Amino acid sequence: MTAIIELKDIKKVYCTGAVEVPALKGVSLKIEAGDFVAIMGASGSGKSTLLHILGLLDKPSEGKYHIAGKDTSNLNDNQLAALRNEYLGFVFQSFNLLARFNAHENVLLPVIYATGEKKNISEKAEQLLGKVGLSARMKHKPNELSGGQQQRVAVARSLINDPLVIFADEPTGNLDSKSAMEIIDLLKELNASGITIVMVTHEPDLAEAARRTIRLQDGLVVSDESKHSLKKHPKEDASGMKASHHAPLNFYRAKNYVTEAMRSLYSNKTRTFLSVLGVLIGVAGLIAMLALGTGAREETKKQMSRLGSNLLMVRASHGSRGGVSLEAGATVKLTLDDVQAIRENVSSVQRIVPYASGRGQAVYGSNNANTRVDGTSPDYEFTRNSTPESGRFFTQEEMRSRAKVALIGKTVERALFENQNPLGEFIKINRTDFLVIGVLPAKGSSGWRDEDDKIIIPVNTAMYRLLGQDSINNMDVQIKEGADMDEASDQIKKLLLGMRRMGPDKNDLIDIRNIADIQETISATMNIFSMLLGSIAFISLLVGGIGIMNIMLVSVTERTKEIGLRKSLGANSGDIMFQFMLESIVVCLLGGTMGIILGATTAVMLAVFAGWKTIVSASSVILSFAFSAIIGFIFGTWPAKKAADLSPIEALRYE
Ligand code: ADP
Ligand code: MG
């Protein structure tokens with residue numbers, strides 16, 4: 001006969017604060033393979049403490065414990081977990097079934113932590129449930145089973161990995177006497193098949209079933225009686241017991257972890273939804289804001305490129321700066337003479353287009369449109385890519401003669417003419433008749449302005465017949481290909497100031513900008529804007545993450561007992577860590593996916609209903625998805641670590 005269990009002078013002292021409680025004061029005993037041992041004693045005598053040490057759930061403070069000839073003090077936590085999983089089975093007083101799993105799934109629970117893949121394991125679980133008389137109850141959840149039935153599920157669970165020893169701590173403590181006897185009979189039957197049984201009980205009737213009875217009192221063995229000598233052959237030679245390394249992560253286990261994470265999230269729907277919500281809102285915000293930013297950027301880029309990069313925009317500065325009026329006479333007005341002078345004196349100028357703009361009331365028949373009226377020159381057609389869609393542009397001659405001809409934008413055309421052909425018709429602009437000679441090509445909207453809501457007329461006509469002014473508002477100067485923009489700008493400024501006998505100190509009165517400058521200003525503004533929006537989204541994601549951490553911490557506390565159970569069944573710290581991390585990451589990815597959908601929908605809605613240009617880029621989707629996974633990882637780590645670090649026995653004890 002081999003002693004499967006050998007204790008030498010085991011002591012266990014619990015330290016609760018400053019007080020030291022000695023629970024075992026020097027226990028030495030041997031248990032043979034194939035035996036059925038009852039441990040008896042009054043409450044508080046140390047029975048559970050002893051059983052936990054025997055079951056490798058707790059470590060002694062002093063003394064030596066050999067299991068199957070192996071010194072357990074040399075084994076690390078992972079090896080102990082692997083030993084528990086492979087060779088030991090546990091039956092607890094309070095059954096410790098997982099409420100969200102049915103009987104069959106509860107029996108299968110230890111398999112996740114087993115080394116290697118088990119063949120036909122589902123059928124084996126069914127057979128074991130049949131063996132404990134629960135064939136008809138396989139799909140029932142624990143709360144649909146009686147106490148006796150639950151404990152039989154627990155016995156079946158302890159058998160799934162073919163243990164050498166089963167440890168049972170008051171397995172009948174919560175049962176009526178009839179169910180209690182059934183459980184004891186079951187244990188006897190298992191013992192007859194060769195499994196070593198160590199059972200704690202304080203009822204002499206139940207201890208009767210055992211061959212050997214050990215009595216404890218105040219942490220010491222006070223009696224040790226055997227009814228007859230042990231004749232049975234143990235089921236297996238215990239010397240084959242190996243402290244195997246924990247099973248590496250394989251597909252079967254990974255699949256199980258994911259399913260478990262999903263189920264535990266599903267069984268707490270409200271909580272999961274609330275955790276998801278934070279990340280969902282953050283990601284939706286991120287996606288929508290990135291879509292707006294990208295859309296706006298693309299749109300301005302498109303507009304700018306339409307204008308061309310060799311354009312200078314010349315304006316007279318307003319008479320005030322920062323709200324303070326400049327000294328009298330310090331304002332500048334641009335005129336057509338300036339245009340002529342620049343054309344003649346600055347050699348790098350290719351085209352120059354003046355603008356005299358105002359608003360006008362356009363009338364055709366009974367139709368009205370209040371619109372922008374730009375007086376300009378024929379070169380406008382080329383600097384602004386505005387070759388008429390139908391009809392023609394006005395000529396130099398028409399400009400000089402202040403002809404009353406007009407080109408109308410698509411929006412104006414729709415408002416005044418509906419489906420009629422406008423060419424050759426007369427419209428009134430501020431009560432003056434104009435002949436419509438062309439329709440401008442559609443330009444779409446630029447931000448908030450409808451570029452098709454305008455009328456183009458010759459600049460002289462605008463100044464003298466419509467607006468009653470002898471100056472222009474601004475001009476576009478197109479510089480020849482390859483010429484230096486800055487140099488041209490300086491020349492123009494010097495010329496305009498010189499014509500007014502002003503020195504370089506009045507430089508500020510003339511404002512010349514090129515497209516690149518404007519583009520730079522716009523993109524700098526947009527960058528600040530994007531960063532602001534981005535950081536708001538980022539902060540809400542962070543808040544979402546903290547929410548997740550909070551809920552995960554609650555979940556860990558609430559499931560302390562489950563963690564204890566899993567550890568007793570052979571889960572090591574890594575398994576528990578992985579399980580909780582996975583839950584946190586799944587929650588975040590769920591929130592991330594829903595957030596991406598919501599954010600993209602919002603972006604589309606903004607485009608359709610508000611008319612804002614939005615672009616949901618693939619990179620923003622990938623970024624958000626990755627971000628939510630990272631949030632789950634970061635904020636799940638601490639709760640998961642907390643769960644993983646629980647000692648199995650403290651966790652099992654937790655109420
Ligand atoms: P039994 O199972 O025989 O009722 P236990 O082994 O549970 O006895 O407890 C033995 C002694 O150790 C008791 O005095 C108990 O209060 C004490 N004890 C058990 N567990 C702890 C613990 N985790 N911390 C402090 N004291 C404990
Ligand atoms: Mg106890």
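**Terms and their grounds**

Tutor: In this predicted model, 12 of the 13 residues of H5 are buried, so the helix is largely enclosed by the rest of the structure.

Student: Which residues of H5 are buried, and what covers them?

Tutor: The buried residues of H5 include Gly148, Arg152, Val153, Ala156, Arg157 and Leu159. Buried means under 20% relative accessible area. Among the elements that cover the buried residues of H5 are strand E6 (88–91), helix H4 (121–131), strand E7 (165–169) and helix H17 (560–568).

Student: How do you know that the span of H5 is close to the expected one?

Tutor: Helix H5 (residues 147–159) has 13 residues, and its first and last C-alpha atoms are 19 Å apart.

Student: Why is Gly34 called buried?

Tutor: The relative accessible area of Gly34 is 1%, and the cut-off for buried is under 20%; therefore Gly34 counts as buried. Gly34 lies in the loop between strand E2 (19–32) and strand E3 (36–41). Its C-alpha atom is separated by 8.4 Å from that of Leu164, although the two residues are 130 apart along the chain.

Student: Why is Asp9 called partly exposed?

Tutor: Asp9 has a relative accessible area of 39%. Buried requires under 20% and exposed over 50%, with partly exposed in between, so Asp9 is partly exposed. Asp9 belongs to strand E1, and its phi is near 50°, a positive value in a residue other than glycine.

Student: Is Ala68 buried or exposed?

Tutor: Ala68 has 14% relative accessibility and therefore counts as buried, the cut-off being under 20%. Ala68 is in the loop between strand E4 (62–67) and strand E5 (70–71). Its phi is positive, about 50°, although Ala68 is not a glycine.

Student: What makes the pairing of Ser48 with ligand 1 a polar contact?

Tutor: A polar side-chain atom of Ser48 is 2.8 Å from an oxygen atom of ligand 1. A polar contact is a pair of N or O atoms within 3.5 Å, so this pair qualifies. A polar backbone atom of Gly44 lies 2.7 Å from an oxygen atom of ligand 1. In the side chain of Arg653, an N or O atom is 2.9 Å from a nitrogen atom of ligand 1. The protein covers 73% of the 550 Å² of accessible area that ligand 1 has on its own.

Student: Which helix gives the largest share of the shell around ligand 1?

Tutor: H1 does, with three residues.

Technical notes: Residues numbered from 1 in each chain as written. Chains lettered and ligands numbered in written order. Predicted model: local features only at pLDDT ≥ 70, side-chain atom pairs only at ≥ 80, totals over all residues. Heavy atoms only, no water. Polar contact = N/O pair within 3.5 Å; in protein donor to acceptor, adjacent residues only side chain to side chain. Areas by Shrake-Rupley, 256 points an atom, 1.4 Å probe, with all protein chains shown as cover. Helix = DSSP H or I, 4+ residues; strand = E, 2+ residues; numbered from the N terminus. Buried < 20%, exposed > 50% of the residue type's maximum accessible area, 1.4 Å probe, protein only. Expected span 1.5 Å × (residues − 1). Contact = heavy atoms within 4.5 Å.
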